[in-house]
Amino acid sequence: MSVSVDASSVPTAHAADVSRRRAWALAGTVGGLGGLVGLFVTVAATEADRALFVDNARYIASLDGNEGWVWAYQIVTSLAAGCLAVFAAGLRRRLAGREPVGSLVPDLAAVGLLLTAALLLVGGGVATELYFSLLHVDETDPDTVAGLAAGYNTFPWVWAGIGLTAAAVAAAGLRRRAVSRWFAVFSLLMALLVAATQLVPLQYLALVPGGLWATVAGLTFALERRRIGN
């Protein structure tokens with residue numbers, strides 16, 4: 001019994017499969033860039049002269065008209081959170097294929113990204129309340145709104161969870177060569193930088209090494225030349 005196969009369709013199917021397999025990796029890059037670029041841009045909503053910080057009424061009055069930035073911030077946090085969740089699932093599958101059965105590394109890598117995604121969603125929730133407060137600034141308590149602004153400038157920036165992810169990937173690369181050596185060393189460096197931000201009262205600085213790691217990691221996994229199934 002013989003079966004005829006149209007060989008002309010194989011390359012197309014192969015390319016489509018590769019594209020699907022690597023979409024999770026690109027989600028990591030989009031999520032990382034969303035944090036690095038999007039949050040830095042949309043934080044402009046709460047920028048003000050520091051001299052106003054001693055008077056919440058004057059501070060909040062200076063933010064009147066910035067609700068559009070806050071809305072954009074909510075969109076950025078939601079997009080980044082969704083992308084990091086997809087990246088977490090793909091990264092777990094990628095590492096599970098190279099780690100021994102029962103290894104905690106794939107799960108730890110995914111959990112770190114999910115923790116970051118969760119804080120992004122919390123920050124988006126703060127943005128929702130801040131948006132309506134600024135939209136009706138004359139009808140709100142300035143002390144309450146100032147508290148919302150403080151959360152707005154903190155929660156979505158605490159990417160400490162990615163430190164756990166980067167450390168797990170570094171361990172997988174250095175112990176079992178599950179990733180390239182340069183990327184394992186890069187991951188270790190980013191994990192140490194994230195850890196450093198948690199040892200001082202500047203936890204929100206974790207966004208910088210965390211966002212950089214997610215951006216580079218996504219591109220690295222998307223461009224690697226390996227068999228289909230990664």
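**Fold, pocket and surface**

Guide: The chain's secondary structure comes to eight helices and zero strands. Helices (H or I, at least four residues) and strands (E, at least two) are DSSP runs, numbered from the N terminus. This is a predicted model: local features need pLDDT of at least 70, side-chain atom pairs count only at pLDDT 80 or more, and totals for chains, interfaces and linings use all residues. Residues are numbered from 1 along each chain as its sequence is written, and side-chain values use heavy atoms, with hydrogens and water left out.

Visitor: Is Ala25 buried or exposed?

Guide: Ala25 sits in helix H1 (residues 9-42). Buried means under 20% relative accessible area, exposed over 50%, partly exposed in between (1.4 Å probe, protein chains only). Ala25 has a relative accessible area of 0%, so it is buried.

Visitor: How far apart in space are Ala25 and Leu84, C-alpha to C-alpha?

Guide: In sequence, Ala25 and Leu84 are 59 residues apart. In space, C-alpha to C-alpha, the separation of Ala25 and Leu84 is 9.5 Å.

Visitor: Which element gives the largest share of the lining of the largest pocket?

Guide: A pocket here is an open set of points on a 1 Å grid over the protein atoms alone, where a 1.4 Å probe fits, with protein on both sides within 12 Å along at least five of seven lines; lining residues have an atom within 4 Å of a point. The lining of the largest pocket includes Val43, Phe53, Tyr59 and Asn153. Helix H2 (56-62) and helix H5 (142-152) are the elements that give two or more residues to this lining. The largest share, three residues, comes from H5.

Visitor: How much space lies in the largest pocket?

Guide: A volume is the space filled by probe spheres set on the points, which are joined across faces, edges and corners. For the largest pocket, that space is about 250 Å³.

Visitor: Where does Arg177 lie?

Guide: Arg177 is exposed, with a relative accessible area of 74%. Its phi is near 55°, a positive value in a residue other than glycine. Most residues other than glycine have a negative phi. Arg177 is placed in the loop between helix H6 (161-176) and helix H7 (181-197).

Visitor: What is the relative accessible area of Leu108?

Guide: Leu108 lies in helix H4. Leu108 is partly exposed, and its relative accessible area is 37%.
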